[in-house]
Amino acid sequence: HFNLYLDDRVAFARTVFALIPKFGFPNTFPNYSYYDNDWILPPAIKLGKEKQNEIPKAISELNLEPFKFVILTHRSFTYDIKYHNIASYELNRGTDIGNAKDAIQHIHENGLKVVRMGTDTEALPDTLKDLPIIDLSGNFRTDAQDLWLAEHCLFLWCINDNGTWHFANKYNRPTLVTNTYALIRGFQHSFFTFQLIWDEEKNRLLSLSELATLRGIVGRVSEMKIRGLTFVENSPLELVSSIAEMLNYVDNKFEYSEHDLLLLSRFSEVLENAKYPPVANGHSQPCVSFLQKYKEVLF
């Protein structure tokens, strides 16, 4: 997808860190060198010319202004089948993107455009086809477009886990990841929400401390089925709240109240008790709106 960036050094690093989980070590925790902002990707060079600062033709014709648009990406079943094969069955990350309709409308109501980015994507569901989403994904995408979009977006909104937030982060652009199943992320300048889990045997949502004990199980379909566990997707209202929080953040209107800081502190405390690394200042944080809604369940 981003082959302009893949030199031997980066390809080697990506391979090494892809192997880390196979040896029993997590690869999504902070303080790993490849998540450090000092780890700069090599210049995007093709045919001896630097491409990252050029405005691709398609984008210039659309009159996309820098920092006046939000990137939307979401996990593609087509992509999973093509590149992950059997592993895609075990990575239960797919959610109903139709739930994002109200949040996308909220972005438009704030005077911003929404641009979909991604490779091997499916057609947008009928529920979203009436929205003015600029689709530069799939057959409409190029490497140069994707790199320009990542560098000039107001922020990148990633529904489910996929690699696009990594490139926005390397351009120092904020990211919002919703519907992730990771409880902690080490990337700077980003917020996230996660999917809660319903326990059929207990007939209730699992608490945060219970979720923290499920490493190696969460996201593995077969393991979750054995235990009677199912994901609970973020609701349309939760997605709107997350987007509103992100818009306040990029507009410098975002401030934590004492109650917010207490929730964040408690979130970190629960995870640290479960042997997760501490969340440092500058690391991504869970959306406060999400913690507020589920504080009784989480704590």
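Reader: Why is the contact between the side chains of Asp126 and Lys129 called a salt bridge?

Author: The term requires a side-chain nitrogen of Lys or Arg within 4 Å of a carboxyl oxygen of Asp or Glu. The N to O distance between Lys129 and Asp126 is 3.3 Å, and the pair therefore meets the definition. This is a predicted model, in which local features need pLDDT of at least 70 and side-chain atom pairs count only at pLDDT 80 or more, while totals for chains, interfaces and linings use all residues. Residues are numbered from 1 along each chain as its sequence is written, and side-chain values use heavy atoms, with hydrogens and water left out.

Reader: What makes Asp126 exposed, and what makes Lys129 exposed?

Author: Exposed means over 50% relative accessible area, buried means under 20%, and partly exposed lies in between (1.4 Å probe, protein chains only). Asp126 has 65% and Lys129 has 54%, so both count as exposed.

Reader: How many salt bridges are found in the whole structure, and what distance separates the closest N and O atoms of Arg227 and Glu223?

Author: The search finds 11 salt bridges. In the one between Arg227 and Glu223, the closest N and O atoms are 2.7 Å apart. Arg227, at 38%, is partly exposed, and Glu223, at 29%, is also partly exposed. Salt bridges with shared partners also join Arg141, Asp143 and Asp146 into one network. Arg204 and Glu210 form a further salt bridge, at 2.8 Å from N to O; Arg204 is partly exposed at 33%.

Reader: How do you know that the buried residues of helix H5 line one face?

Author: Helices (H or I, at least four residues) and strands (E, at least two) are DSSP runs numbered from the N terminus. In H5, residues 101–109, the buried residues are Ala103, Ile104 and Ile107. Seen down the axis, they fall within an arc of 100°, so they line one face of the helix; the arc is taken over the directions from the helix axis to the C-beta atoms. Among the elements that cover these residues are strand S3 (69–74) and helix H10 (236–250).

Reader: Why is the pair of Phe191 and Phe254 called edge-to-face?

Author: Rings of Phe, Tyr and Trp (its six-membered ring) pair if their centres lie within 6.5 Å; planes under 30 degrees apart count as stacked, over 60 as edge-to-face, and the rest as tilted. The centres of Phe191 and Phe254 are 5.5 Å apart and their planes stand at 70°, so the pair is edge-to-face. It links distant parts of the chain, with Phe191 in strand S8 (residues 190–194) and Phe254 in the loop between H10 and helix H11 (258–273), 63 residues apart. Phe191 is buried at 7%, whereas Phe254 is partly exposed at 23%.

Reader: What makes the pair of Phe254 and Tyr256 edge-to-face?

Author: The planes of Phe254 and Tyr256 are at 80° and the centres 4.8 Å apart, so this pair is edge-to-face. Tyr256 is partly exposed at 29%.

Reader: What makes Arg215 lie over the face of Tyr276?

Author: A charge sits over a ring if NZ of Lys or CZ of Arg is within 6 Å of the ring centre and within 35 degrees of the ring normal. Arg215 lies over the face of Tyr276, at 4.1 Å from the ring centre, which is within the 6 Å limit.

Methods
Contact = heavy atoms within 4.5 Å.
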